[in-house]
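Reader: Please take a close look at the aromatic pairs in this model. Start with the overall fold, then go to the rings.

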Amino acid sequence: MEKINNVTEFIFWGLSQSPEIEKVCFVVFSVFYIIILLGNLLIMLTVCLNNLFKSPMYFFLSFLSLVDICYSSVTAPKMIVDLLAKDKTISYVGCMLQLFGVHFFGCTEIFILTVMAYDRYVAICKPLHYMTIMDQERCNKMLLGTWVGGFLHSIIQVALVVQLPFCGPNEIDHYFCDVHPVLKLACTDTYIVGGVVTVNSGTIALGSFVILLISYSIILVSLRTQSAEGKRKALSTCGSHIAVVIIFFGPCTFMYMRPDTTFSEDKMVAVFYTIITPMLNPLIYTLRNAEVKNAMKKLWGRNVFLEAKGK
């Protein structure tokens, strides 16, 4: 069957059909996006200027912040502009690029969170061999693996969608291009494609989530032999990781561990992993991590000193 593609652009329905609600959302999500940028940039700056890259935990944390900025930037700016726009349109090519970006950075974040869980497992359960196991070369290879894994996942998703014919309608009941809403517009049977998409996304989401649960369960069990101070530090660090995992993987599992169907709640659920999680990550990691807070205080104190000296 020859591919027929009469669609050159797609139209988003957006978060709401009410202009009043959209104006409120514009203010709220503009503030959220600014917090995402400033919070994650602050973490990257703190890690860089305090030379914390030598620590695997902060090495991965800085790249998690980078991914959060990229991930939210794929959808948030367009969504914020559309909240005040009469016509919420995106070109076909732009839609495919957005779909690629969402899955690329989203999957990369999943893999980085998994690697960070492994890092905490080694640090707590094998402290004497920690620096040998998590040396810089291995950290670099693991980081590269997260980006390659995200790329492969995303390119499969896009390849499955690009080969489908779109001959109208072209209205997407969402605020960005995601696989399930776009598949609904294809003018052909998408049962097989939808199944492959679900297996691809679902396997990664569920598989990583199970690995994370096992890792943190082992860590928590091993804490019984730790000193009171060791337990406090470990629980402080792991607590922040577990909070991020729950906030991120809960919505992701709801969205992608199911057949090719869409629900009216999908847009609100998507807000959690595209906007809320990237915004909360810096707050969670800084508020529950004494070392990061101290590094930020030193950075702030140094800047204040330099400004005073300059005057």
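Author: The secondary structure of this predicted model comes to 10 helices and three strands. From the N terminus, the order is β-α-α-β-α-α-α-β-α-α-α-α-α. The protein has 311 residues, and 49% of them are buried. Among contacts with a separation of 6 or more, 80% join residues 24 or more positions apart.

Now the rings. The whole structure holds 18 aromatic pairs. One of them joins tyrosine 92 and phenylalanine 166, with ring centres 6.2 Å apart. Their planes meet at 65°, over the 60 degrees required, so the pair is edge-to-face. Tyrosine 92 lies in helix α3, residues 92-125. Phenylalanine 166 sits in the loop between α5 (136-162) and β3 (171-172). The pair therefore ties together parts that are 74 residues apart in sequence.

Both partners are buried. Tyrosine 92 has 14% relative accessibility, and the cut-off is under 20%, so tyrosine 92 counts as buried. Phenylalanine 166 is at 0%.

Another pair joins phenylalanine 248 and phenylalanine 249. Their centres are 5.7 Å apart, with 85° between the planes. That pair is edge-to-face too. Phenylalanine 248 and phenylalanine 249 are both buried.

Rings also form a cluster. Ring pairs link Phe100, Phe104, Phe105, Trp147 and Phe151.

Last, the surface. The accessible area of the protein is about 15200 Å². Carbon and sulfur atoms contribute 69% of that area.

Methods
Residues are numbered from 1 along each chain as its sequence is written. This is a predicted model: local features need pLDDT of at least 70, side-chain atom pairs count only at pLDDT 80 or more; totals for chains, interfaces and linings use all residues. Side-chain values use heavy atoms; hydrogens and water are left out. Helices (H or I, at least four residues) and strands (E, at least two) are DSSP runs, numbered from the N terminus. Buried means under 20% relative accessible area, exposed over 50%, partly exposed in between (1.4 Å probe, protein chains only). Contact means heavy atoms within 4.5 Å. Accessible areas come from the Shrake-Rupley method with a 1.4 Å probe; for residues, only the protein chains shown count as cover. Rings of Phe, Tyr and Trp (its six-membered ring) pair if their centres lie within 6.5 Å; planes under 30 degrees apart count as stacked, over 60 as edge-to-face and the rest as tilted.
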